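This report describes selected local features of one protein chain. The sequence and the structure are shown first, and the description follows.

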Amino acid sequence: MLENLGLLGLFIGSFLASTVLPFPSEALLVGNIALGNNVWLCVFLAGLGNSIGGMTSFGLGWLGKMEWIEKLFKVSRQKIEKMRAKVDKYKAVAGFFAWLPIVGDVIAITLGFMKISPLKSCLYMSIGRFVRFGCIGILIEYFNVQSFFL
């Protein structure tokens, strides 16, 4: 369905991939580039959508409603408490790694749950996501390796 929406689908899919639907947004990025869309526009839209999705997870953590967190993200209070020590040590900088599979949602939710600065959390989460998508963009643009991703 999202593949028919082109760049809008890339943005929406990247948003959803970093919230409640765990799937690789990289596939949407590479697919859009393979369709002939501008690499850097695709990187920008994927990074923006994924960053907004991450801040949505952060916001739900900020609200602290465990029943929502457990239902939408399948993240238990125990996982948040376990991540709390790491986030407490690195504060907003931990957000750089919020793009990682499995632990990324827990990092974003925990940052919000602990009321870490939204501006700093957004900054570091966005940097991490844009670096990830930028690396993929560089590999495709300069090394022509999209077949590796497809």
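Is Ile102 buried or exposed? With a relative accessible area of 80%, Ile102 is exposed. The model discussed here is a predicted one.

## Positive phi angles in two loops

Ile102 belongs to the loop that runs between helix 5 and helix 6. Its backbone carries a positive phi, near 70°, although the residue is not glycine. In general, most residues other than glycine have a negative phi.

Lys74 also has a positive phi, in this case near 55°, and is likewise a residue other than glycine. This lysine is placed in the loop between helix 4 (66–73) and helix 5. Lys74 counts as exposed, because its relative accessibility of 63% is over 50%.

## Packing of helix 5 against helix 6

Two packed helices are described by the angle between their axes and the distance between the axes. For helix 5 (residues 77–90) and helix 6 (residues 104–113), the axes come within 9 Å and cross at roughly 80°. The two helices are therefore roughly perpendicular to each other, since the angle falls in the range of 65 to 115 degrees.

On the helix 5 side, the residues that meet helix 6 are Arg77, Lys79, Ile80, Glu81, Met83, Arg84 and Val87. Their counterparts in helix 6 are Val106, Ile107, Ile109, Thr110, Leu111 and Phe113.

## Salt bridges

Side chains of opposite charge can pair when their charged atoms come close. The model contains three salt bridges. One of them joins Glu26 to Arg132, with the closest N and O atoms 3.1 Å apart. Glu26 lies in helix 2 (residues 25–34) and Arg132 in helix 7, so this pair ties together parts that are 106 residues apart in sequence. Glu26 is partly exposed, at a relative accessible area of 21%, whereas Arg132 is buried, at 12%.

Because they are three residues apart in helix 5, about one helical turn separates them. Both side chains belong to partly exposed residues: the relative accessible area is 38% for Glu81 and 31% for Arg84. A further salt bridge links Asp88 and Lys91, at 2.9 Å from N to O. Asp88 is partly exposed at 41% relative accessibility, and Lys91 is partly exposed at 39%.

Ser57 is located in helix 3, which spans residues 39–63. Its relative accessible area is 1%, and the residue is therefore buried. Apart from neighbours within four places in sequence, Ser57 contacts Ser18, Thr19, Phe73, Asp105, Ala108 and Ile109. The C-alpha atom of Ser57 is separated by 9.3 Å from that of Leu111, a residue 54 places away along the chain.

Phe133 is situated in helix 7 (residues 118–143). This residue is buried, with a relative accessible area of 0%. Beyond its neighbours within four places in sequence, Phe133 is in contact with Ser25, Glu26, Leu29, Val43, Ala46, Gly47 and Asn50. Within this set, Glu26 is the salt-bridge partner of Arg132. Val43 is 90 residues from Phe133 along the chain, yet their C-alpha atoms are separated by 5.6 Å.

## A nonpolar surface patch

Which residues make the nonpolar surface patch? The patch consists of Val20, Leu21, Phe23, Leu63, Trp68 and Leu72, and its area is about 500 Å². One of these residues, Leu63, is found in helix 3, the helix that also holds the buried Ser57.

Terms used. Residues are numbered from 1 along each chain as its sequence is written. Side-chain values use heavy atoms; hydrogens and water are left out. Patches are made of residues with over 30% relative accessible area and no salt bridge: like charges are joined within 9 Å, nonpolar side chains (Val, Leu, Ile, Met, Phe, Trp, Tyr) within 5 Å. Accessible areas come from the Shrake-Rupley method with a 1.4 Å probe; for residues, only the protein chains shown count as cover. A salt bridge is a side-chain nitrogen of Lys or Arg within 4 Å of a carboxyl oxygen of Asp or Glu. Helices (H or I, at least four residues) and strands (E, at least two) are DSSP runs, numbered from the N terminus. Buried means under 20% relative accessible area, exposed over 50%, partly exposed in between (1.4 Å probe, protein chains only). Contact means heavy atoms within 4.5 Å. Axes are lines fitted to C-alpha atoms, for helices over the stretch in contact, and angles run from 0 to 180 degrees between N-to-C directions. Angles under 35 degrees count as roughly parallel, over 145 as roughly antiparallel, 65 to 115 as roughly perpendicular and the rest as oblique.
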